Amino acid sequence: MHLRPYDPQDAGALAGIFFDAVRIGAAPKYPAEALQAWAPERPTAEVWDERLADLWTVVAEDEGIPCGFMSLAADGLLDLAFVAPDWRGRGLADALLAAVLDEARGRPMPGLKTEASRMARPFFLRNGWTLDAAQEVERNGVRIENFRMSLRF
């Protein structure tokens, strides 16, 4: 496994990782209606590249194939954190988070924040994040539980 910066040519593969991580990876934690609302269809490469345009994104790849990614916004929001379902449990998320933390600590910000899914909440808690509040967000008319979390440097 190798970490590297996002390249616009990754957009299609990362869109697929997002879709599979939601629809397959998060399936044990959310009802089908919530998964459908969260990711109604696989985003196109063009849409996903636009989504990532203003974010600092690190990509994990194996033999040239992306298998996970995390994105950091300028305001300290860890906006996206997704690992392909087949790569869960192999330390990939830990490596991606370490890269995000290295990047964030080099910026003028006191810490990070995120809105973690039920799937991601235990991962962030294990890595020293604080659970600030449970909340519900609306996606395509469906209310989906997630968790506001923060990490201070």
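I began with Asn146, which I found in strand β7, taking strands (E, at least two residues) and helices (H or I, at least four) as DSSP runs numbered from the N terminus. The model I was reading is a predicted one, in which local features need pLDDT of at least 70 and side-chain atom pairs count only at pLDDT 80 or more, while totals for chains, interfaces and linings use all residues. Residues are numbered from 1 along each chain as its sequence is written, and side-chain values use heavy atoms, with hydrogens and water left out.

**Asn146.** I noted that Asn146 counts as buried because its relative accessibility is 8%; buried means under 20% relative accessible area, exposed over 50%, and partly exposed in between, with a 1.4 Å probe and protein chains only. Its side chain is joined to that of Gln135 by a polar contact of 2.8 Å, the term standing for a pair of N or O atoms within 3.5 Å, where within protein one must be able to donate a hydrogen and the other to accept it, and residues adjacent in sequence count only if both atoms are side-chain atoms. Leaving out residues up to four places away in sequence, I listed Tyr30, Glu115, Ala116, Ser117, Ala133, Ala134, Gln135 and Val137 as touching Asn146, contact meaning heavy atoms within 4.5 Å.

**Core.** I then looked up the largest nonpolar core, which has 53 residues, and saw that Trp48, Phe69, Met70 and Phe124 touch the most other members; such a core is a set of buried Ala, Val, Leu, Ile, Met, Phe, Trp, Tyr and Cys residues joined through side-chain atoms within 4.5 Å. For Phe124, with neighbours within four places in sequence set aside, I recorded contacts with Leu78, Ala81, Leu97, Thr114, Ala116, Trp129 and Met149.

Val100 is in helix α4 and counts as buried, because its relative accessibility is 0%. Beyond four places in sequence, Val100 touches Trp56, Val58, Met70, Leu72, Leu78 and Leu112, and its C-alpha is 8.2 Å from that of Thr57, a residue 43 places apart from it in sequence. Asn127 sits in the loop between α5 and β6 and is partly exposed, at 30% relative accessible area; I found it touching Asp94, Leu97 and Leu151, again not counting residues up to four places away in sequence.

The largest pocket has a volume of about 1200 Å³. I worked with a 1 Å grid over the protein atoms alone, a pocket being an open set of points where a 1.4 Å probe fits, with protein on both sides within 12 Å along at least five of seven lines, and lining residues having an atom within 4 Å of a point. Grid points are joined across faces, edges and corners, and the volume is the space filled by probe spheres set on them. Of the 48 lining residues, Trp38, Ala81, Phe82, Ser117 and Ala120 lie nearest the centre of the largest pocket, and β4 gives the most to the lining, with six residues.

**Positive phi.** I ended in two loops: Glu63, between β2 (56-62) and β3 (65-72), has phi near 50 degrees and is exposed at 78% relative accessible area. Asn140, in the loop between β6 and β7, has a positive phi of about 50 degrees although it is not a glycine, and counts as exposed at 60% relative accessibility.
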